[in-house]
Structure formats: C-alpha cells, structure tokens
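Trainee: I would like to go through this model with you, one feature at a time.
Mentor: Go ahead and ask.

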2 protein chains.
Amino acid sequence: MTTVADFVATRVVAAQRRLATVSADALLVAAPHHVRYLTGRRPAGELLLTGGDLLTEPDAIVERLGFPGTGLLAETRHLTAARLRELAPAHANVEDGEWLLTGLRRHKDALELELLRRATELTGKAVRELADDDLTGVAELDLECRLWRSIRAGGAQGWAFDPSLAGGARAARPWHGVTTRALERGDVLVADVGAEVHGYKADLTRTFVVGGGNPVAGRALDAVRRARDAALAALRPGVPAAEVARAVAASLSESGFAGRMPHAAGHGIGLELHEAPFLTLRSTDVLDPGTVVNVEPGVYDPAWGGARLEDTVVIRDDGWEPLGEVTDG
Amino acid sequence: MTTVADFVATRVVAAQRRLATVSADALLVAAPHHVRYLTGRRPAGELLLTGGDLLTEPDAIVERLGFPGTGLLAETRHLTAARLRELAPAHANVEDGEWLLTGLRRHKDALELELLRRATELTGKAVRELADDDLTGVAELDLECRLWRSIRAGGAQGWAFDPSLAGGARAARPWHGVTTRALERGDVLVADVGAEVHGYKADLTRTFVVGGGNPVAGRALDAVRRARDAALAALRPGVPAAEVARAVAASLSESGFAGRMPHAAGHGIGLELHEAPFLTLRSTDVLDPGTVVNVEPGVYDPAWGGARLEDTVVIRDDGWEPLGEVTDG
C-alpha cells in the first residue's frame with residue numbers, strides 16, 4: 001500500500017532533482033500550499049529544501065543557511081521580509097525560485113487526484129441537492145447554509161473560497177457573493193461553490209432556472225452547455241491551453257454569444273484555487289497528462305443575469321476524465 | 001458632521017507626526033489592517049506613508065523610493081520579499097517600523113468604536129437568539145448556520161474568525177471548531193463567535209447548559225461570572241493589564257478553579273482579532289482611554305467540558321463602557 005508518507009517522499013525527491021538542475025544549494029519555501037505539498041501536513045511555517053534534506057525547524061534553517069557560500073533561492077512571493085531576515089540574514093537579495101515548485105505541482109499524483117475528486121464530488125452532491133427543491137422564495141443566504149451543512153457533513157474542512165450564489169440579474173456579475181435576497185420564480189441561479197478537503201480545492205458552477213420558465217436564460221444555458229462540450233472535445237494530452245479557450249470562444253460565437261464572457265475559459269486547480277495552467281487565448285501552456293483543469297464557459301447579460309457551467313477534469317495519457325460528475329445544469 | 005474621510009485624514013496626520021519623531025522619511029505598509037486604517041478602504045496593496053503624502057499606486061511608490069538617500073522603514077511582518085524588491089529595490093535591508101502604527105491603532109477613534117460596537121452587538125444578538133430555543137438534538141453545524149444567517153442579515157460582511165461551537169466534553173478545548181455532532185440534554189455549549197463589520201472584528205463567548213441541569217457545569221459557570229465581574233471591577237484608565245489578569249486568576253482561585261484557565265485573561269481587538277494590549281500576568285501594558293479589550297475568563301475540565309464568558313469594553317477617561325451587552329450566560 002502506498003502511504004501518504006510515500007507520496008510526500010516522492011515529491012521531495014522530485015523537487016530535489018529539480019533543485020540539482022540549477023546552481024543553488026537550497027530553496028526556502030513559505031507559501032502554505034507549497035509547504036503542504038512537500039510535507040503532507042497543514043503548514044506551520046517555512047521550510048528549507050536542500051539537495052539531501054527538508055528542514056522545517058527555524059533554528060535548523062538558520063544554522064544551515066549560515067553555512068558560508070550557500071547558494072539560496074526563495075519563494076519570495078509569500079516569504080515576508082521579516083522572516084527572510086530572521087531565517088536568512090545573509091541573503092537579503094535572494095533570487096526567486098518558486099518556479100521549481102509550480103512546475104512540479106502541475107502534475108498531480110494519485111493522492112492529489114483522490115483528494116481533488118473527493119472535494120469535487122462533495123461539492124457536486126451539495127449543489128445537486130439544492131436543485132431537488134423549488135427554490136422560489138428562498139434567500140441566497142439560506143442556500144449557502146444548506147450547502148455548508150452538506151459539504152461539512154460530507155467531510156470537507158471548509159470552503160475553498162467564498163461561495164457565490166447569484167440569483168436573477170445579480171448573476172450578470174461572474175462573481176457575486178451571497179445576499180439575503182430571496183429568489184423569484186424564473187430567476188436564474190448561478191451557484192459557484194467549492195469544498196476544501198485536506199487543502200485540495202473544488203470549484204464547481206451550476207446554473208438553474210428557479211421554478212422553470214425563462215426561455216431567454218434557457219437559450220443562454222444551452223449555448224453554455226455546447227461551449228462546455230466543445231471545450232471537453234478539445235481536451236487531450238499535449239493540447240495547447242489556448243486551443244481549448246478558442247474552442248469555447250468559437251462555440252459561444254456560433255451560438256450568438258460572442259464577446260459575452262469576460263473571463264478565462266478555465267484554470268488549473270489543486271492546493272491553490274487558481275493555478276497554472278490558465279485556459280486563455282494567449283496562454284503558451286500545454287496540457288500534459290496529470291494536469292487538472294477547470295473549464296468554465298459562461299455568458300452574462302445585465303437584463304436577465306448569467307449562465308455558467310464549471311467542471312474539473314484530469315488529463316490522462318489517453319484523453320481525460322472528469323473529477324466528479326459533469327451535468328447539464 | 002465628521003465624515004469617514006475626516007477620520008482617515010486625522011489618522012494619517014497622527015501617523016505622519018509619529019514618523020517625524022524617528023529618523024526616517026517614509027514607512028512602507030503592507031498589512032491589510034494597517035492599510036485599511038490609513039485609507040478607510042478595503043486594501044488593494046501596499047501603501048507608502050511619507051511626511052506629507054500617502055501613496056497607494058505602485059509606480060508612485062517606486063518613483064518616490066528611488067529618490068536618493070530616502071530613509072525607509074517598512075512593516076516587514078507582512079511585506080513579502082518579492083514586493084519589497086519590486087517597490088524598494090534599493091532597500092533590501094530595510095528596518096521594521098510597524099511599531100509606529102500598532103502604537104497609534106491602540107487608541108480607537110469614534111468611527112472605530114462605532115464599527116466595533118456594531119460588530120459586537122450583531123454577534124450578541126445572534127447568540128442570544130440561539131438561547132431562546134431548546135437546543136437538544138441540534139447539531140453544532142446547524143447552530144453555525146443560524147448564527148451565520150443572523151449576522152449576515154444584520155449587516156456583517158462575514159465572520160471575524162472561524163466560529164467555535166463546542167458541545168459537552170468537546171468544550172474542554174478552549175477553541176474546538178464546529179462538528180456535525182448533535183447537542184444532548186445537559187451538555188454545556190460554549191459558543192465563541194464574532195462578526196466582522198467593515199474590517200472590525202467582534203469576539204464574544206457565551207456558555208449555556210442545553211435543556212438545563214448539569215450542576216457541575218453550573219458551578220463552573222458561576223465561578224466564571226464572578227471572575228468576569230472581578231475583571232470588570234479592575235478596569236479603569238491607567239490600570240496595568242497584568243492587574244486585570246491577576247484579578248481573574250485570584251477570583252477563579254477563590255472559587256476553587258485555580259490553574260484551570262490555559263489562556264490569557266483577554267486581549268485588545270479592532271481591525272485585528274488579537275492585538276495589543278494583551279491581558280496576561282506578565283504584560284507590561286497599561287490600559288489607556290480609547291483602548292478596546294476583551295475579557296474572557298474560562299475554566300475547562302475534560303470530564304464535562306468548559307465554561308467561558310467573553311465581553312468587549314472600551315476604556316474611557318472616567319472608567320469603561322461595554323461594547324454590546326454583558327450578559328450572564
């Protein structure tokens with residue numbers, strides 16, 4: 001049986017191999033997601049990765065970095081100036097080396113995929129339960145409580161991000177938040193929520209029409225479904241991320257919704273909610289096996305609101321598979 | 001009428017006066033609470049305070065700090081190494097100057113007191129509503145949803161911290177979190193929650209016995225009430241924070257609960273949940289007028305749980321007044 005410790009040990013060795021390819025002896029890491037990746041634990045502080053070691057005790061880090069001539073890189077986007085001075089006083093001008101870890105973390109191992117799958121399935125189940133009821137007259141805030149109860153009872157530690165439950169014209173903003181206002185019959189409801197399981201984040205969007213009706217929103221949602229299908233059809237190992245973004249734009253345009261999506265077609269997800277690769281028209285990324293991405297086509301209109309579907313998939317050697325269920329609403 | 005802009009302008013002038021007392025031309029500030037204090041707005045990034053200016057545009061900060069010979073201090077506990085390099089490339093060894101702001105922020109102005117009062121009252125109201133019902137059989141998680149709905153409907157933007165709703169023996173841990181477990185008749189319920197209103201945080205604890213009964217917990221709660229009263233009786237302008245902590249310890253000891261409180265007797269609160277002054281036996285702080293502190297005596301026992309009461313007060317020239325209602329359960 002492969003244990004958590006085995007997975008973590010493999011990640012550390014892979015990071016050390018990457019470190020060996022650059023002219024540096026050590027990498028000082030501060031971001032909680034990177035620390036969690038390399039330890040398998042909820043982070044308590046910084047860590048120092050060296051060619052043969054992984055130090056998490058501040059005193060041990062200071063001692064190691066006091067060794068004369070140590071070539072250091074640091075993850076400077078999260079390391080504070082105060083901690084840099086405390087841990088590495090001789091390295092005030094340290095260069096950034098975060099790319100060593102972001103590159104590594106793009107390829108999810110089996111443990112990461114299992115946690116992402118759990119987070120995504122919990123989230124999908126919670127949102128499906130909402131759709132079982134007539135939501136007419138229910139406040140967005142009450143829906144948030146139902147979802148919270150469902151994901152927590154299902155084993156999530158918390159939200160991956162502040163949920164957005166946008167009813168009616170409020171859904172014209174891609175991220176709206178949650179208000180005390182009640183849903184009315186015929187409102188769209190764009191629910192964008194995600195559970196977090198042991199640090200791994202889900203990010204899932206579903207669009208309903210409350211109580212049915214609303215043919216205008218229904219046509220938009222049909223267009224979003226086709227765009228989602230076009231994105232999934234474009235996914236395969238080795239495909240440029242920009243090609244998936246183009247497939248979404250082309251499909252929405254064909255459906256008569258050109259220029260109505262003011263956000264990217266999708267993004268990588270894992271220990272961070274938004275991480276590389278990003279599915280944009282200008283992206284130079286390629287989707288390799290082991291990459292997990294969200295695809296999230298949407299269209300928005302201040303007159304009636306918006307429609308969006310967001311699903312998470314992992315790229316495999318021979319195609320892709322969804323994490324959680326891909327549904328039509 | 002005093003506007004928000006007036007309050008903010010007064011704070012900036014006070015900070016500039018403090019800056020003039022040290023040999024520095026500018027202070028680079030990164031922490032969201034400090035930035036919010038000096039701008040009155042939700043922070044979007046760092047700011048630079050100079051003797052006559054407050055810069056928030058990164059380009060303007062870089063330009064100003066490129067001026068030869070500028071003496072800089074920085075709030076290095078939040079400023080990242082990457083941002084320090086981007087904004088102040090010539091100041092890699094910048095010294096910390098956060099104390100200029102923490103000292104200033106200890107004395108709350110009328111706008112801050114109003115927001116703290118709102119946050120505390122909203123929180124108190126939400127918790128009082130819980131106590132109106134028999135909570136037997138209700139899950140901690142359901143209580144969290146009720147509280148969330150109440151504070152959001154009341155105008156809070158969110159939680160000040162993850163709530164703790166500890167039922168029965170789970171209350172033996174001062175901070176427990178929230179589980180899906182149902183409360184049983186006779187359980188204590190220690191509810192430690194706080195709303196956030198425009199960045200200002202509430203932090204309030206109440207202890208109930210679910211469905212009544214439980215004389216052991218009742219005696220502990222009586223002792224906690226007496227300790228709370230002893231703390232309030234000790235409060236006055238100019239009193240050492242340690243004296244308040246001693247009053248709590250002495251009262252609990254007199255009630256037969258010596259050594260059963262593994263945390264401080266209280267703490268300052270404002271834009272940060274825990275800020276100076278800290279009410280501990282070793283504190284060297286003095287409680288000046290305008291200081292807002294929480295007092296939170298508690299006793300804990302793995303056999304039956306715990307009891308804690310936490311209230312927020314502002315020190316005035318002639319004594320103190322509570323922010324929100326001080327109640328007995």
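Trainee: What volume does the largest pocket have?
Mentor: This is a predicted model. The lining of the largest pocket takes in 43 residues. The volume of the largest pocket is about 1,400 Å³.

Trainee: Which residues lie nearest the centre of the largest pocket?
Mentor: Chain A supplies lining residues from α2 (32-39), α7 (140-153) and β6 (158-159), and chain B from α7 (140-153) and β6 (158-159), with at least two residues from each element. By class, the lining has 18 nonpolar, twelve polar and 13 charged residues. Those nearest the centre are A:W148, A:W159, A:D162, B:W159 and B:D162.

Trainee: Which strands each supply at least two residues of the lining of the largest cavity?
Mentor: The structure holds one cavity of 30 Å³ or more, and the space in the largest cavity is about 30 Å³. Its lining includes B:L204, B:R206, B:D311 and B:T312, and by class it has three nonpolar, three polar and four charged residues. The strands are β11 (204-209) and β19 (311-316) of chain B.

Trainee: Which side chain of opposite charge is nearest to A:E75?
Mentor: A:E75 sits in the loop between β4 (72-74) and α4 (81-87) of chain A, and it is buried without a salt bridge. A salt bridge needs a separation within 4 Å. At 4.8 Å, the nearest side chain of opposite charge is that of A:R77.

Trainee: Which backbone nitrogens lie 3.3 Å and 3.1 Å from a polar atom of the side chain of A:E75?
Mentor: A polar contact is a pair of N or O atoms within 3.5 Å. At 3.3 Å from a polar atom of the A:E75 side chain is the backbone nitrogen of A:A30. At 3.1 Å from such an atom is the backbone nitrogen of A:H78.

Trainee: Where in chain A is there a cis peptide bond with omega near 0°?
Mentor: Most peptide bonds are trans. A:P277 belongs to strand β14 (residues 275-279) of chain A. In chain B, the bond from B:A276 to B:P277 is cis, and B:P277 is in strand β14 of that chain. In chain A, the cis bond runs from A:A276 to A:P277.

Trainee: What is the phi of A:H198?
Mentor: Most residues other than glycine have a negative phi. A:H198 lies in the loop between β9 (195-197) and β10 (200-201) of chain A, and is partly exposed at a relative accessible area of 40%. Its phi is positive, near 50°.

Definitions and conventions
Residues numbered from 1 in each chain as written. Chains lettered and ligands numbered in written order. Predicted model: local features only at pLDDT ≥ 70, side-chain atom pairs only at ≥ 80, totals over all residues. Heavy atoms only, no water. 1 Å grid on protein atoms, 1.4 Å probe; cavity = no way out; pocket = protein on both sides within 12 Å on 5 of 7 lines; lining within 4 Å. Points joined across faces, edges and corners; volume = space filled by probe spheres on them. Helix = DSSP H or I, 4+ residues; strand = E, 2+ residues; numbered from the N terminus. Nonpolar A, V, L, I, M, F, W, Y, C, P; charged D, E, K, R; others polar. Buried < 20%, exposed > 50% of the residue type's maximum accessible area, 1.4 Å probe, protein only. Lys, Arg positive; Asp, Glu negative; His and termini not counted. Polar contact = N/O pair within 3.5 Å; in protein donor to acceptor, adjacent residues only side chain to side chain.
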